[in-house]
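Me: Could you walk me through reading a helical model? I'd like the general idea each time, then the case at hand.

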Amino acid sequence: MRTLVLVLAIFLAFNFGHSQIEKDKVLHFAGGALFGLAGAGIAKEISNGDRAWTFVGAVGGALLVGLGKEAIDSGQDGNSWDNGDVLATALGGFAVGLTIDVFTKKKTKKQSKITTLYYPRDINFLYKKSLPTLTELQFSTSILYTE
């Protein structure tokens, strides 16, 4: 019963809190989360899964998009630079980065195993003057014959 009351209180707090936030800030937060996710994916690929760089990529991607959007908005008639929008966008990236960091496991260094699918037993075929046959390369010749 205690957890039900706690969950209900949290939902009510979010409901009342949501009415205090402008719709524009919510959209900036969502956009920051989306571009933060893209930045985290790019940073994860570049850094080979380093958690710190993934988090930096999430916040950096969101911040970059937020600054760009506000730069474009400030150049339009009737619009001006809004630091709150940049902050909401960066917080979206921060939330995604924190979520990714919490739910990813620590990277363990593993020895890479080099495996090849078709490695010929006799490497001396490379030094012959003629091309190797499929049997020498350990390929099945049964795929050549259809009935």
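Reply: Start with length: the expected span of a helix is 1.5 Å times one less than its number of residues. Helices here are DSSP runs of H or I with at least four residues, strands are runs of E with at least two, and both are numbered from the N terminus. Take α3: its 24 residues should span 34 Å at 1.5 Å a residue, and the end C-alpha atoms are 35 Å apart, which agrees. This is a predicted model, where local features need pLDDT of at least 70 and side-chain atom pairs count only at pLDDT 80 or more, while totals for chains, interfaces and linings use all residues. Residues are numbered from 1 along each chain as its sequence is written, and side-chain values use heavy atoms, with hydrogens and water left out.

Me: How many helices and strands does the chain have?

Reply: Four helices and zero strands. From the N terminus on, the order reads α-α-α-α.

Me: What spans do α2 and α4 show?

Reply: α2 also has 24 residues and should span 34 Å at 1.5 Å a residue; its end C-alpha atoms lie 35 Å apart, which agrees. α4, with 21 residues, reaches 30 Å from first C-alpha to last, close to the 30 Å expected.

Me: Now packing. At what angle do α2 and α3 pack?

Reply: Axes are lines fitted to C-alpha atoms, for helices over the stretch in contact, and angles run from 0 to 180 degrees between N-to-C directions. Helix α2 (residues 23-46) packs on helix α3 (residues 51-74) at about 135 degrees, with the axes 6 Å apart. That makes α2 oblique to α3. For the labels, under 35 degrees counts as roughly parallel, over 145 as roughly antiparallel, 65 to 115 as roughly perpendicular and the rest as oblique.

Me: Is the crossing of α2 and α3 left-handed or right-handed?

Reply: A crossing is left-handed if the near helix is turned anticlockwise from the far one by less than a right angle, and right-handed if clockwise. The α2 and α3 crossing is right-handed.

Me: Which residues in α2 and α3 meet?

Reply: Contact means heavy atoms within 4.5 Å. On the α2 side, the residues include Gly 32, Gly 36, Gly 39 and Ala 43, and on the α3 side they include Trp 53, Gly 57, Gly 61 and Val 65. By class, the contact of α2 with α3 has seven nonpolar, seven polar and three charged residues. Ala, Val, Leu, Ile, Met, Phe, Trp, Tyr, Cys and Pro count as nonpolar, Asp, Glu, Lys and Arg as charged, and the others, Gly among them, as polar.

Me: And how do α3 and α4 pack? What's their angle?

Reply: About 160 degrees, with the axes 8 Å apart. That makes α3 roughly antiparallel to α4. α3 passes α4 in a right-handed crossing. Among the residues that meet are Phe 55, Ala 58, Leu 63 and Leu 67 in α3 and Val 86, Ala 90, Phe 94 and Leu 98 in α4. The contact of α3 with α4 divides into 11 nonpolar, five polar and four charged residues.

Me: At roughly what angle do the axes of α2 and α4 cross?

Reply: Roughly 45 degrees, with the axes coming within 7 Å. That makes α2 oblique to α4. The crossing of α2 and α4 is right-handed. The contact of α2 with α4 has nine nonpolar, seven polar and three charged residues.

Me: Which residues of α4 are buried?

Reply: Buried means under 20% relative accessible area, exposed over 50%, and partly exposed in between (1.4 Å probe, protein chains only). In α4 the buried ones are Asp 85, Val 86, Ala 88, Thr 89, Ala 90, Gly 92, Gly 93, Val 96 and Gly 97, and they pack against α2 and α3. In α3, the buried set includes Gly 57, Gly 61, Gly 66 and Asp 73, and the buried residues of α3 pack against α2 and α4. Over the chain of 147 residues, 19% count as buried.

Me: Is Trp 53 buried or exposed?

Reply: Trp 53 counts as exposed, at 52% relative accessibility. Trp 53 lies in helix α3 and, leaving aside neighbours within four places in sequence, is in contact with Ala 43 and Ser 47.
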